[in-house]
Amino acid sequence: MRFLLILDRVENPASANALLGCRLAAELMDQGHEVHLLELWDGAHTPSAPPEGALQHTQAFADERLMNTALENGAKGGTPVPLRLLRLAAHPTAVAAAFRQLVLHVPRRTVDSRREMERLDAQYHFDAVCAVCAPYRAAFALETAQIGGKKLLWQLDPYASNRDYTAPGGFAREGQLLDAVDASFITPQALPDYEGGPLSAWRGKVHVLGFPVLLPAPETPAHTGMRCVFCGSLYPTVREPDFALELFARLHAPDLTLTMAGGGWQRFAAQAEQAAGALGDRFVRPGPLPPAEAAALETGADVLVSLGNFYDNQMPSKLFSYFGTGKPVLHLAVSETDPTLPYLARYPLGLALQKKDGVTPEVLDRLRGWLAHVQGHRLPYEQIAALYPEFTPQQVARDFLAAL
């Protein structure tokens with residue numbers, strides 16, 4: 001079969017969703033299929049080379065990058081609106097992008113990517129075109145695209161039920177989108193919306209698909225001390241660092257280093273400053289990193305740190321890439337219904353701590369004891385793949401094809 005996957009890197013050049021799309025593409029090709037990638041990017045950070053054998057097509061949207069930067073992605077708080085508009089006015093292309101998106105409701109990304117899908121389909125005659133979302137610009141482009149093959153969505157993040165923002169149109173709009181496609185792939189945590197929830201009418205169109213992230217990892221280079229590493233973005237009311245920072249600041253472990261790489265720290269500057277005061281140079285914040293540098297950090301880690309989400313309908317794919325390393329995984333949960341907890345319970349080198357229990361002497365003793373117990377331990381990849389087969393790229397590709 002011949003596939004076209006749409007990957008969107010405009011808001012996030014190092015998009016985890018785009019990485020997962022590339023991982024699926026590589027596995028589909030290994031199983032004998034032809035894959036093309038249409039990559040939407042920000043005009044500043046050139047997309048990385050595609051998997052060997054894939055044909056890469058690109059579209060740049062520097063105007064939307066400038067618009068998003070000037071308007072701070074519409075986030076609440078931050079710079080006052082008049083100052084954001086002044087910044088926007090300094091870039092005519094960004095003004096045009098904002099007018100199309102906010103006034104005309106026809107974002108250039110949606111219009112132009114739809115045209116490119118249609119052009120590529122006319123040239124290559126795809127059996128299926130799959131929009132990897134979120135964001136949903138490409139999904140809405142695919143919705144009205146005139147193509148010959150099947151239309152597929154891979155909903156790695158919820159749309160209407162994504163509680164950290166109000167999706168325009170809500171569930172009714174998502175239902176309209178589902179009407180226009182042949183199938184949609186979702187995570188297990190989204191199933192309640194389709195089984196007795198507001199999207200139950202579309203249950204027959206959705207298929208559960210794992211994250212293709214369980215892969216063998218390189219050996220950890222020799223070093224001294226214990227390195228604890230978190231790589232990921234922070235979001236107010238969704239994924240916050242407070243619990244982790246307080247735990248490590250009060251742990252009093254002089255040989256331990258905490259590295260937290262990724263963006264979103266502007267809303268947590270006070271917490272970071274307080275942690276730095278307690279930990280000194282043992283607290284490292286390198287900021288957003290390219291995927292290769294983030295992977296190198298994780299390769300050098302002794303313990304991988306996972307921050308739980310506040311919402312139980314979202315599960316970070318990062319957790320399963322952590323499992324693939326076979327290293328100890330510390331998960332800091334902020335929700336009693338955190339959907340990762342059943343998976344963590346099966347992981348022999350995992351520890352889950354609940355924020356509701358506080359940073360008490362008992363919790364700190366439990367963490368110290370666990371760190372001492374797991375230091376230097378690592379599980380073989382074969383054991384992990386047997387525990388979580390649905391997250392190996394090979395099985396994800398088979399499940400993807402079976403749904404077609």
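**Close-up 1. Arg239 in the loop between strand 8 (226-231) and helix 9 (242-249).** In this predicted model, Arg239 is buried yet has no salt bridge, and the nearest side chain of opposite charge, that of Asp157, is 7.1 Å away.

**Close-up 2. Ser317 in the loop between strand 11 (303-307) and helix 12 (318-325).** Ser317 has a relative accessibility of 16% and therefore counts as buried, the limit for that class being under 20%. When neighbours within four places in sequence are left aside, Ser317 is in contact with Leu20, Phe211 and Val213.

**Close-up 3. Pro212 in the loop between strand 7 (206-208) and strand 8.** With a relative accessible area of 1%, Pro212 is buried. Not counting residues up to four places away in sequence, Pro212 touches Leu20, Arg23, Leu24, Trp154, Phe391, Pro393 and Val396; Leu20 is also among the contacts of Ser317. Thr187, which is 25 residues apart from Pro212 in sequence, has its C-alpha 12 Å from the C-alpha of Pro212.

**Close-up 4. Cis peptide bonds at Cys133-Ala134 and Ala134-Pro135.** The bond that joins Cys133 and Ala134 is cis, with omega about 15°, and the bond from Ala134 to Pro135 is likewise cis, with omega near 5°. Ala134 lies in the loop between strand 4 (128-133) and helix 6 (137-144), and Pro135 is placed in the loop between strand 4 and helix 6 as well.

**Close-up 5. Positive phi values at Asn73 and His105.** Asn73, found in the loop between helix 2 (62-71) and helix 3 (81-89), has phi near 55°, a positive value in a residue other than glycine. At 55% relative accessibility, Asn73 counts as exposed. His105 is placed in the loop between helix 4 and helix 5 (108-124), where its phi is near 60°, again a positive value in a residue other than glycine. The relative accessibility of His105 is 60%, and His105 therefore counts as exposed.

**Close-up 6. A nonpolar surface patch that includes Val103.** The patch is formed by Phe99, Leu102, Val103, Leu104 and Val106, which together have about 450 Å² of accessible area. Of these residues, Val103 lies in helix 4 (residues 92-103).

**Close-up 7. The salt bridge between Arg2 and Glu34.** The side chains of Arg2 and Glu34 meet at 3.1 Å, N to O. Arg2 lies in strand 1 (residues 2-8) and Glu34 in strand 2 (residues 34-41), so the pair ties together parts that are 32 residues apart in sequence. Arg2 is partly exposed, with a relative accessible area of 27%, and Glu34 also counts as partly exposed, at 29% relative accessibility. A search of the whole structure finds 18 salt bridges, this pair being one of them.

**Close-up 8. The salt bridge between Glu64 and Arg109 and the network around it.** The closest N and O atoms of Glu64 and Arg109 are 2.6 Å apart. Because Glu64 lies in helix 2 and Arg109 in helix 5, the pair ties together parts that are 45 residues apart in sequence. Both Glu64 and Arg109 are buried. Salt bridges that share partners join Asp8, Glu11, Glu64 and Arg109 into one network.

**Close-up 9. The salt bridge between Glu195 and Arg203.** The closest N and O atoms of Glu195 and Arg203 are 3.1 Å apart. Arg203 is partly exposed, with a relative accessible area of 30%.

Notes:
Residues are numbered from 1 along each chain as its sequence is written. This is a predicted model: local features need pLDDT of at least 70, side-chain atom pairs count only at pLDDT 80 or more; totals for chains, interfaces and linings use all residues. Side-chain values use heavy atoms; hydrogens and water are left out. Helices (H or I, at least four residues) and strands (E, at least two) are DSSP runs, numbered from the N terminus. Buried means under 20% relative accessible area, exposed over 50%, partly exposed in between (1.4 Å probe, protein chains only). Contact means heavy atoms within 4.5 Å. Patches are made of residues with over 30% relative accessible area and no salt bridge: like charges are joined within 9 Å, nonpolar side chains (Val, Leu, Ile, Met, Phe, Trp, Tyr) within 5 Å. Accessible areas come from the Shrake-Rupley method with a 1.4 Å probe; for residues, only the protein chains shown count as cover. A salt bridge is a side-chain nitrogen of Lys or Arg within 4 Å of a carboxyl oxygen of Asp or Glu. Lys and Arg count as positive and Asp and Glu as negative; His and the chain ends are not counted.
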